[in-house]
Amino acid sequence: MSEEIKNEITEEKVSASSKFWLCSADCLCTTINSLLTGGGMTYFFTKFLGLSEGLASIVWIIFAIWNAVNDPLFGYISDRTKSKLGRRIPYIRYGSFFYALFFVLTWVKWPLGNSQTALFIQMLATLFLFDTLYTAIATSLYVMPYAMAVSNKARGSIFLWKIFFTLVALGVPLVVFPNIKPEVGEDPTRFQLIMAGIGVFSFIIIFVSTFFYKEKVQTEKEEQENIFKAIIACFKNRSFVVFEVLSFTVVFIQTILMQGVIYYFDEFDLGMPFAYGSLGLGAVFGVILWANKVKTWGVKKCTLLMCIIFAIGSGIMCLFGKINAVAVCGFFTAGMGFAGGMYLIPLMNGDVIDYDESVTGIRREGMYAGVNSFITKPAISFANSAFIMIAKAFGYDMNLTAGMQSQMAKQGILVAWMAVPCLLLIICSVCMKFYPLAGYKWDETKRMLEQKHSND
């Protein structure tokens, strides 16, 4: 390969305005999804409206089955979409209104009555409607960096921006919901108005953003396989299978963290500024560490180290999280882990997609994103269901006001919050041994793909 081509590939750039608007849209899309699926909906329907924990768990299980069809199907459809706007932007632009609308309607009691059946139907219907739009928009936003740029350097610059915006998307639910959530018996009007305002603002930003970025890599001329062959091809890709173990774990932990803090701050003395300050410092440290070391250590080694650090922090928090000093350290390691999840895991995903193209000659970001969601979306359901069932097994009483739980129930919050993430991170550490996309041969394959698309 000539030096001129190498330089041309290295200098591929994405404008600051494109990165800002893409990341802003992704941030708001994630924020309202996290507010709803990250524990907010479960809390609202069980503790405020009075739906039983058992029925709420059934909702999440049924919802997981729907996602088994929903996400791969949309990924396949989006790969085959042909429009002047590209394959992804139409879904982002025109789905944003309905996405925000269903979010707002989640927090308003529907005129179905007060029975357990009525609440069950409302929760299930809300999840189905909201998530269908989330799938269309979030999947499209998720794959846009892989369509906007080819080189890992250009993609990495987008992901660095996304880290900051994702921290906002994670931080807003963690801070806002515990402070505005309606207590049992309270008037929910203030809470509902705030959530409606967040929904409207999100719609505006997501809609407007679509005028500031576009796809570079187009594949309409490629002959796409049928959906079943495409799904099978994904699972034949060993790097994708390893990636999915980590992707599932990251989504599970993100969900259960936001679920757990709602209950954690009700029962423990650690102040929110100390907890979130430590989380933020860990994230900043993690961003600096992973962004610098990935250049020398590579994605594989950095990801392995991230999993080990995060697992140790989760395990200590599970056992000794009642001690404030330990909890501060736990939040710090969580911040480092989230930074790794937001920077390293997307780079892994891009490599997985690139490897598939190098073998098959077909580029299918949407299909991989859809199958990824097929696997990771159940993590949201499992996290919500697992937390409330484990906490209940330790004696947590949903009818008690803040600060009134037993010592056993308080320990149950920590176990429900951190035990499963610790186990999953240990599994991830083992799986990374089998991740094949590393070393000189893979670097050469990447350079060949970058050359190919630089000439498109």
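Predicted model: local features only at pLDDT ≥ 70, side-chain atom pairs only at ≥ 80, totals over all residues.

Trainee: How many cavities of 30 Å³ or more are there?

Mentor: Residues are numbered from 1 along each chain as its sequence is written, and side-chain values use heavy atoms, leaving out hydrogens and water. A cavity is a set of points on a 1 Å grid over the protein atoms alone where a 1.4 Å probe fits but cannot get out, and its lining residues have an atom within 4 Å of a point. Points are joined across faces, edges and corners, and the volume is the space filled by probe spheres set on them. By this rule there are six cavities of 30 Å³ or more.

Trainee: How much space lies in the largest cavity, and which residues lie nearest its centre?

Mentor: The largest cavity holds about 760 Å³. Its lining has 33 residues, with T30, Y134, Y142, V251 and Q254 nearest the centre. To sort a lining, count Ala, Val, Leu, Ile, Met, Phe, Trp, Tyr, Cys and Pro as nonpolar, Asp, Glu, Lys and Arg as charged, and the others, Gly among them, as polar. Here that gives 15 nonpolar, 14 polar and four charged residues.

Trainee: What is the volume of the second largest cavity, and which element gives the most to its lining?

Mentor: Its volume is about 70 Å³. Helices are DSSP runs (H or I, at least four residues) numbered from the N terminus, and helix 10 gives the most to this lining, with four residues. The lining of the second largest cavity divides into nine nonpolar, three polar and no charged residues.

Trainee: How many aromatic pairs does the structure hold?

Mentor: Rings of Phe, Tyr and Trp (its six-membered ring) pair if their centres lie within 6.5 Å; planes under 30 degrees apart are stacked, over 60 edge-to-face, and the rest tilted. The structure holds 41 such pairs. One of them, F235 with F240, is edge-to-face, at 5.9 Å centre to centre and 75° between the planes.

Trainee: Is F240 buried or exposed?

Mentor: Buried means under 20% relative accessible area, exposed over 50%, and partly exposed in between (1.4 Å probe, protein chains only). F240 counts as buried because its relative accessible area is 0%, whereas F235, at 36%, is partly exposed.

Notes:
1 Å grid on protein atoms, 1.4 Å probe; cavity = no way out; pocket = protein on both sides within 12 Å on 5 of 7 lines; lining within 4 Å. Helix = DSSP H or I, 4+ residues; strand = E, 2+ residues; numbered from the N terminus.
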